[in-house]
Amino acid sequence: MAQNTTETDIQFLPGVGPKRAELISKELGINTIGELLRLYPFRYIDKSSFVRIADARPDMAYVQIRARVIRTDLYGAASASAAPVSPDTADPVKFNMIKRMSVLVGDGSGEMEMVFFKGIKWMYGKLKPGTEYIFFGKPSSFNGRINIVHPEVDPVPAPTAGGNLSQAAPPACPSMTGVYTSTERLKNAGITGKMMNRIMEAALNRGLGGFTETMPEYIMKQCGLVPLHFALRNIHFPKDMVSLEKARYRLKFEELFFLQLSLLKQKYVRSRDVNGISMHRVGEAFNKCYESLPFPLTGAQKRVITEIRNDMKSGTQMNRLLQGDVGSGKTMVAVLTALIAVGNGFQACIMAPTEVLAQQHYKNILKLLAPTGVASALLTGSTKASERKQIHASLADGSTGIIVGTHALIEDNVIFGNLGLVIIDEQHRFGVEQRSKLWRKSSCGAPPHILVMTATPIPRTLAMTLYGDLDVSVIDEMPPGRKPVQTMHATDGKRPALYKFMRDQIALGRQVFIVYPLINETEKLDYQSLEAGAEEIIRHFPFPPYKTAVVHGKQTNDVKKFNMDAFAAGRADILVATSVIEVGVDVPNASVMVIESAERFGLSQLHQLRGRVGRGSEKSYCVLMTGHKLSKESKHRIELMCATENGFELAEEDMKMRGPGDLEGTQQSGLPVKLAIASLAKDGTILNAARDCAEAVLKADPMLEDIRNRTLRQELKQDKYKIRDYSKIS
Ligand code: ADP
Ligand code: MG
């Protein structure tokens, strides 16, 4: 056998063999015993507890039922109505004709059906009428009755006299059984849950010795971690609940610790190796803009600008993530930051994800720049060729100080004379590739400072883990004078009342947004519902006196802009739109946001949309229209929206419900390392403890040269920690 047993191919495990090994490799990406043992159960079944048939429900994940076989029926056709083939006749059963077997079982509380479409011959021979078995599987509902399709079947164990004398280690606690990720193809190949447990047991016996401890002794002591061998044994075959908890904690900690250790180390190396542009001055333009702001900055805005300012003059490259709820005033911070770059003789570029948003930004920015005399321009996909040429030239010769734009800014023919700062609004709409292109546009030797702005607030440690080694600033204070937005939930029956409410608001001089979901830009149905909705609105709000503007992604940019401007300028009372307005427009006079089919939006999207109202001095409203029937999750989302306006709270709930991988804003950046056991959403406490520990280790030994940290250095050499350089992608 190979020296290092963790490297041994799984095909040599009893019960696996070359064919199954190949399938496991294909389905789960696992090739060696070491990899197999790092596949942890995602759940445990307590095999000592049973559900009564009378209590089984189709919404239960898995149940274990102890019941007696009453009758077995064989059917020739897959259809449920076909008559059973009688097995009682003298003729031997022709199993190749049998399509389905139904086993009626009872446990005193009730009766239920176990259904088999495969392996019928074998199961038919195994299940004896009148005998008791243990059935395990997912209950489902068929024709109004509950059944289990393809349950696992075990004989009822005979009561054991005395203890288990076997000295072989697992299974230590037979009542707690691990459940592993599986696939249809694995199950079809006979790799059932039970089989998996058996394979794991063999893998442990063979491979555990090959694992060397990854955590140094001193950290295990400090952080209360159990040894790796104990953890691996107990995660697969828990001795008891306490041991399982200890094993879990250790493995989660280890996973989060190494992820953060690698990120922090990289950050350290980068700040040591990469020079940043040192921007010492604040500059005249900054001061002029600051003095003529229409209102004082909030404390949070001031604090964030100080943090940014310190980065920019530090001599190392800034890589900062700015989080701030919708309406918290990020634009102001962006402009003042851009002016610092200009004041030091550099160009700044502000990128927005959509044409509409870029235009909106530019309009606001022009106002703020007016007193400064700084030259700026807007570059988008619809900029005319002649103008585009001019802008390109002014960027190359450095005469344009601040450029605002969309993806058009990252085209290859855009060259900057001396780009010193890149600001990206709503970073998740930009792919990693696109961002790296911007980075390479710098021609002044050092990389530009990077400021990424997002309105999807997530907890700080989590942000740092998700966004690599970005520093994080938070605007946690709203500008004064923002009125709370009253949020209500309504279904179709309330439509007349909604229209009356809208008329009342319009009579008061306010404007109304109506937003339709657009899940997929090409999805015909979405446009149909938008068009039907717009027609209905125009029917109920006829011109004159009402004016309705419609905006959606299929219009040309000119039409879109025309309609949007009409609404922004107050020439239209109602804007019917797809979610293109989500990250855009600022219309302080709009006081009502109606979201149609609100159940189809995610929490953070709903929150973003709601942020479009409540910007003026009037009381504002958000109405969530939904169908009558809501899934449990949709209902929860709607309730949360009605209950709170706090973006952080909503984001945390969102994460708990969907997991961080799905969080809007994190999909593209994703996690650098796939987590096998820890959850960023649920293991916040462990995440923080692991981060603190990683920080302390690196503070004392930045390059992990200390002999005590030898195993840490070894671990980080793995491929999965060779994380792309974040400074180049942000
Ligand atoms: P965000 O981009 O963070 O969603 P904006 O920058 O668009 O928010 O700002 C939202 C609104 O608040 C704008 O109308 C802006 O003029 C206003 N605003 C920004 N900062 C302040 C402040 N310090 N005091 C009052 N109003 C502010
Ligand atoms: Mg904004």
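**Helix packing, ligand shell and backbone features**

In this predicted model, helices α8 and α22 are oblique to each other, an assignment that follows from the geometry of the pair, whose axes cross at roughly 45° and come within 8 Å. The helices concerned span residues 241-273 in the case of α8 and residues 684-700 in the case of α22, and the crossing that they form is right-handed. In general, two packed helices are described by the angle between their axes together with the distance between those axes.

The pair formed by α10 and α11 can be described in the same terms. Helix α10, which comprises residues 299-313, packs with α11 at an angle of about 30°, and the two axes lie 10 Å apart. Because angles under 35 degrees count as roughly parallel, α10 and α11 are therefore assigned as roughly parallel to each other. The crossing in which α10 passes α11 is right-handed.

In total, 17 residues surround ligand 1, and the closest of them are P296, Q301, G327, K330 and T331. By residue class, the shell around ligand 1 divides into seven nonpolar, six polar and four charged residues.

Individual atom pairs between the protein and ligand 1 involve both backbone and side-chain atoms. On the backbone side, an N or O atom of P296 is placed 2.9 Å from a nitrogen atom of ligand 1, while a backbone N or O atom of G329 is found 3.1 Å from an oxygen atom of the ligand. From the side chain of T331, a polar atom lies 2.7 Å from an oxygen atom of ligand 1. Taken alone, ligand 1 exposes 560 Å², of which the protein buries 81%.

Backbone geometry was also examined in two loops. In the loop between α17, which spans residues 524-540, and β20, which spans residues 548-551, is located P544, and the peptide bond leading from F543 to P544 is cis, with an omega near -15°. The loop between α17 and β20 also holds P545, and the peptide bond from P544 to P545 is likewise cis, with an omega near 5°. Elsewhere in the chain, N143 has a positive phi of about 50° although this residue is not a glycine; N143 is situated in the loop between β7, residues 139-142, and β8, residues 145-149.

Technical notes:
Residues numbered from 1 in each chain as written. Chains lettered and ligands numbered in written order. Predicted model: local features only at pLDDT ≥ 70, side-chain atom pairs only at ≥ 80, totals over all residues. Heavy atoms only, no water. Near = heavy atom within 4 Å. Polar contact = N/O pair within 3.5 Å; in protein donor to acceptor, adjacent residues only side chain to side chain. Areas by Shrake-Rupley, 256 points an atom, 1.4 Å probe, with all protein chains shown as cover. Nonpolar A, V, L, I, M, F, W, Y, C, P; charged D, E, K, R; others polar. Axes fitted to C-alpha atoms, helices over the stretch in contact; angles between N-to-C directions. Helix = DSSP H or I, 4+ residues; strand = E, 2+ residues; numbered from the N terminus. Parallel < 35°, antiparallel > 145°, perpendicular 65-115°, else oblique. Left-handed = near helix turned anticlockwise from the far one by under 90°.
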